[in-house]
Amino acid sequence: MSTRRIEKLLALRYASICDKRNFSDVKDIVTENFKQTGPEWQCDGAAAFEAQLGFLKDNFSATMHMVGNQLGEWQDEVYRGETYSIANHLYEKDGVARKLDMAIRYDEEIRQENGVYKYARRDVHVIWVSDTALYS
């Protein structure tokens, strides 16, 4: 497969895994030593990342991740770049349906592991957050 589309396919696959709640499939898109940092967390390893995704299931009734702009470059077999995303999270608080929207920029690195391109690192930068009631 040409490396020109791998970064897009991985981002779309990640969104699908989250939104369909197929968290065990994350092992197919992250390396065993995958690392991720966020505003208030750090994750080391594929197993830890899979467990961390359980936060979505535990706190939100549904999510919808939209993949946006991507900018980066391949140097030999390593991709370094960024992916922009809008992530919608539905939940209920005090009997009111709510939607938490996040604009996220991922700084990422993709490498081969056992002949398959996967995320080796993906750092989360939350640009803005909006939390609103869906109806009153």
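Which element gives the largest share of the lining of the largest cavity? Keep that in mind as we walk through this predicted model.

**Stop 1: the sheet.** Show the strands as a cartoon. You are looking at an open sheet of six strands, ordered S2-S1-S6-S5-S4-S3, with mixed pairing. Its edges are S2 (42-44) and S3, each of which pairs on one side only. From one strand to the next, the twist averages 20°.

**Stop 2: one end of the sheet.** Select residues 30-37, which form S1. This strand runs antiparallel to S2, and three bridges join the two. Strands of a sheet pair through backbone hydrogen bonds. For a landmark here, pick Lys 35, which stands opposite Asp 44 in S2.

**Stop 3: the helices.** Now select residues 46-59, helix H2. H2 lies across S1, S2, S3 and S4, and runs at about 55° to S1. Next, go to H1, which packs on the sheet and touches S3, S4, S5 (96-113) and S6 (116-133). The direction of H1 makes about 160° with that of S3.

**Stop 4: the cavity.** A search of the whole structure finds one cavity of 30 Å³ or more, and the volume of the largest cavity is about 40 Å³. To see its lining, select Ala 11, Tyr 14, Ala 15, His 65, Val 67, Thr 83, Ser 85, Tyr 106 and Arg 122. The elements that give two or more residues to this lining are H1 (6-20), S3 (62-75) and S4 (78-93). Color the lining by class and you will find five nonpolar, three polar and one charged residues.

And the opening question? The largest share of the lining, three residues, comes from H1.

Terms used
Residues numbered from 1 in each chain as written. Predicted model: local features only at pLDDT ≥ 70, side-chain atom pairs only at ≥ 80, totals over all residues. Heavy atoms only, no water. 1 Å grid on protein atoms, 1.4 Å probe; cavity = no way out; pocket = protein on both sides within 12 Å on 5 of 7 lines; lining within 4 Å. Points joined across faces, edges and corners; volume = space filled by probe spheres on them. Helix = DSSP H or I, 4+ residues; strand = E, 2+ residues; numbered from the N terminus. Nonpolar A, V, L, I, M, F, W, Y, C, P; charged D, E, K, R; others polar. Pairing = 2+ DSSP bridges. Axes fitted to C-alpha atoms, helices over the stretch in contact; angles between N-to-C directions. Contact = heavy atoms within 4.5 Å.
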